[in-house]
Amino acid sequence: MEFGPHLVLALLEGSITAAVLALTAAGLALVFGILRVVNVAHGEFFMLGAVLAWFISTTLAEAFGAGPAIGFVAALLLAPPATALVAIAADRLVLRRIGYDPERTIVATIGLLYVLQQATLMSFGPEARPVEPPFNTRIALPWPERVDGSWALGWPWGFGTTSYKLFVIVAAVAVLVGLWLLLRHTRLGLIMRATEQDRDMARAFGIPVTRVYALVFGLGAALAALGAVLVVPIQQAHYLMGGDPLLLSFIVVIIGGLGSVGGTVVAAVLIGLTDGVVSVFFSATLAKIIATLLVAMVLVFRPQGLFGKASAR
Amino acid sequence: MSRRLRSSLMRTAPDSAAPGSTVQPGRRRTLKTLAAGALGGTGALGGAGTLAGLAGLSGHVQAQSAEPIRIGFQVHRTGIGAAYGRWYDRTTTAAVARINEAGGINGRPVEIVAEDDGTDPKRGAEVIEKFVQKHECDIAFGTLFSHVVIGSAPRAGELKIPYFVVSEGHHVASGMLNRYTLQPGITDVRSQVQAMAPYVAENLGKKVTMLYADFAFGHDHRDYFSQAITDQGGEVIAKIAIPPTETSFTKYFPKIPRDTEVIYHVMVGPSVLTFVKEMGEFFGPSAPPIFGFIDSLEAVDIASPGLEFLEDTYFWEGFPRYAQVGEGGQDGEGNVNEFDADYRRAVGVDDNGASVTDAKDVSTYAHMFGCWETLNVVKAGMEAAGYRGPEDRAKLIEAVEAMSDMPHSADHPQGAKRFNGKTHQTFGHQHISKVTDGRLDLVHTTSIEDTLYPDEVDYTTRSF
Amino acid sequence: MKAWLLHLGVLALLVLAWFVLPPYHTGNLARILVLAVYAQGFNLVFGYAGLLSLGHALFFAAGLYGLGLSIQQFGLPALPAIGVALFFSAAVAAVTGYLALRTRGVAFMIVTLMFAQTGYLVVLYAGTWTRGDEGFVIARAARTLFGLDLADERIRYFAALTLFAIVFLSLAALVSSGFGRSLVAIRENEERARLLGYDVQRIKWRAIIVSGVVSGAAGAAYALLFGYAGATFASVQYSILPLLWVLLGGPGTTIGPLIGTVFMFYLVDFASEITDAYLLLVGLALIALTLFLPRGIAGELRRRGLTWLP
């Protein structure tokens, strides 16, 4: 394929990665920003979302003969709240008891990771299982080509995408807009931001901080699960699928700048797109090496991330 | 007394009569393991997944009073290999049940002591140590993933326990390992890949674009196939390496050159379905012939939604997943189905290669037969060597090294084998299938000669 | 004084263990001791300097491959190969440490993680020599030191123990020295340390280098004693493990890393005897541990009475 269409294709694919990553990372940004804890099990909430999506759509298909569209919608509506419940349970049983101490949270969430992975392995099994997308038509994309000395639209071989992939991008943007509205224009959002800015002051103002924490933890998990539900018809549900999203989400949150969900989204877009584009030019592993070093260097020279405040927290 | 406690009190060291045994001054106590055998036979603690039902208690085996032969089964219960591990487990159980029903080995029942290695090389080595020093196994067996094999083999060599791997890796025959590691039940990737080149060049195309997972297994495909296709007058015009953890593949397909005559793909890992789906979405209706390795789709249903694109594509199959009707392949080798039906029944797989209890649970049919055949080789070896206990481990290895032709039989349902005692690697027939109407239909079986390559090592010259 | 008795006592116990414990456990211990060296390296930076690095696998791998490739590709005998490994780890630690120290807190975590990931990817990329994820075997013939065959159970055990003892005692001395105390001062209140005139950056950098060399020594020892080098050891998992061991055993204590490593090993081993779903048990155990023993085992002992615990 010529360079132009190849690049555009890579950007398109990168956008999907970015969209899902933005959702997952936004969830982590909330938890990281407000609770100030490293949740090593965040990737597992992502995985749970995918696994639950499979479970819901398969059950509906088998028990009621529901089509993939209904199964998908049900998954979209049910999987994130269910995952949030698991997260809130973890918060109440464990995180609250250890006082959100950063080091202890790391150990506790590593433990949680093992528990969730093993539980999923025992119930869902070790295979990767697909989930059918609600719709998926292939869309060939045009590209201007020079034909006989004048420009015309051609359809290069292999240059296209699918309707579902475009939907993922649109849906992710919609959810992120919704999240932004929640944070900026609702009372709940105000409470969350106040708690993030200064926990003790918030408590002094009568904000039920522990309840906010539980809510935020649940919301963070739900966002990750939502990202997973959107992506699972493209990928598969697998019990080990949480590892990469965890890594990437962390990078994105730090690069974006702690305390800035907006920064996180921008960083997700950057990283998602870069990943796609760099691989056009270099072999995939080399591309990853470059991308990884790039992330490190961004932080070395701008430790607060792209949008964080300059003073080290 | 609990078995673990008893084990830790018994410091059974290899007999001083055994060649090259490691001697620990002042600590050796050669205890008879018969007493332990009585306890071990029940595997009472259910610990380490001991399959109690097999230990000489199944049905009408007369060997109850005989001490069992303990086979340490290094299985991938968790980690990236878990999907394979489950089927390796089932096949091993079935193979052992069959051996025990026929009277065991040398009149002794076979007992499997399974330990999860987490598909991790560090844990794999620890598990080997456990087999030798805690569970007192006679041999270790069953590993699939190459990095676990390579990580564990040095320990197996040092502890002098025969290590029968079912890995498909070229590491055994490459000479990297030791005289204690053998692979008599499954062919290796080099011979598989090499054998594909003639068919591909003749029937599909000579200009090949390869898409492979960018790790050692994929590199083996890249290297061996490039060599083999060149020998057939063909050429690999593009080599596209994809990181094994990749989840989105569309950006790689544009690298496929327009004049590609055939696409060769071998991807592993949970994202394989995405790979195939996106490949289909990329090409749409105008795709060149496609040849892949079923490794990509082990434990995955070919008829899964999104895989429609695979129709009319070709696959290497270690052992045809779908029960084939009629004559199979080249060579007058005969009906692939001959011993297949009995084998399928024993391991609980239906004619579509899925579990008889759950049609959605597709097996890893192209690999798991290796467990069955390896255990039968172990049996034959132990009987030929007159194996009595760990002191005869070297004799067992020598007996297996002396083996060569193994005919197509109930012991070797995948097909005839030719074992190379010097390289510790077996060779066999390779199969090519075509996806037709959502099933895999066998279209070609190679000869064993097609799969041979020059020896890279002679383990028999190494000492024990 | 009590501290020295404790340290020597621990070492004496480990020597005794060889004669008392069955081969299964001494085999485990040899491995555990090498990994405990790694944990101790990590503990210096995390427990004492308060720097949460998520990239120590880079140093472990530097030692592992430094030794492994020297023997495998260049045919060096073990002793010079060890030298190469230590030098290489020091160099890697110096460079990455210098860059990473320009950041702090969570950014430091990610930068170290990224450097380690880069190392992992480079190992994969250089697959022609490293065989990537599959790894390679280090020939038994090459695994001899001072004429001793390191594959022999007894020699391996005492080699591991010797390495452990050297690191254990050296680090114990280091952390009770001025340098060690300045690390703790920096951990407790960096601003104050700076105001008191300490060259904070330089001190932290030195700590990272020492930590890198110790971790690299563990990696080299692992390759030499167990005969295998593979990319798995450079992966994220092997950066998380020492963190886990140190947190469980007690960060900022000298015996904490050993305790944590022993504990985790036997927790997994014991749990896998009981059930196939042993990771579930391990996960629950970790949660329970952090709920009830927040400062790790040694840390809790120190807090609840043994205040002299170093």
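Chain A has a radius of gyration of 21 Å, which agrees with the value near 20 Å that a compact globule of 313 residues would have; the radius is taken over C-alpha atoms, and the globule rule is 2.2 Å times the number of residues to the power 0.38. The model is predicted, and local features need pLDDT of at least 70, side-chain atom pairs count only at pLDDT 80 or more, and totals for chains, interfaces and linings use all residues. Residues are numbered from 1 along each chain as its sequence is written, while chains are lettered from A and ligands numbered from 1 in the order in which they are written.

Taken along the principal axes, the C-alpha atoms of chain A fill a box of roughly 75 × 55 × 35 Å, and the chain contains 11 helices and 6 strands, where helices (H or I, at least four residues) and strands (E, at least two) are DSSP runs numbered from the N terminus. Chain C contains 14 helices and 4 strands. Its radius of gyration of 19 Å is close to the 19 Å given by the globule rule for 310 residues, so chain C is as compact as a globular protein of that length. The C-alpha trace of chain C spans about 55 × 45 × 40 Å along its principal axes.

The contact between chains A and C takes 37 residues from chain A and 32 residues from chain C, two residues being in contact if their C-beta atoms, placed from the backbone, lie within 7 Å. On the side of chain A that touches chain C, helix 4 (102–123), helix 9 (243–256) and helix 11 (284–301) each supply at least two residues, and helix 4 of chain A gives the most, with 15 residues. By class, this side of chain A has 26 nonpolar, 5 polar and 6 charged residues; Ala, Val, Leu, Ile, Met, Phe, Trp, Tyr, Cys and Pro count as nonpolar, Asp, Glu, Lys and Arg as charged, and the others, Gly among them, as polar.

The contact between chains B and A takes 31 residues from each of the two chains. Helix 3 (82–101), strand 7 (235–242) and helix 8 (272–283) of chain B each supply at least two residues of the side that touches chain A, with helix 8 of chain B giving the most, 5 residues. The residues on this side of chain B divide into 14 nonpolar, 11 polar and 6 charged.

Within chain C, the axes of helix 2 (residues 23–48) and helix 12 (residues 256–274) come within 8 Å and cross at roughly 130°, the axes being lines fitted to C-alpha atoms over the stretch in contact and the angles running from 0 to 180 degrees between N-to-C directions. That angle makes helix 2 of chain C oblique to helix 12 of chain C, since angles under 35 degrees count as roughly parallel, over 145 as roughly antiparallel, 65 to 115 as roughly perpendicular and the rest as oblique. The residues of this helix contact divide into 8 nonpolar, 7 polar and no charged; among those in helix 2 of chain C are C:Ile32, C:Leu35 and C:Asn43, and helix 12 of chain C contributes residues including C:Pro257, C:Val262 and C:Phe265.

In chain C, the axes of helix 8 (residues 178–188) and helix 10 (residues 200–226) come within 10 Å and cross at roughly 115°. Here C:Ser182, C:Leu183 and C:Ile186 of helix 8 meet C:Val200, C:Ile203, C:Lys204 and C:Ala207 of helix 10, and the contact divides into 5 nonpolar, 1 polar and 1 charged residues.
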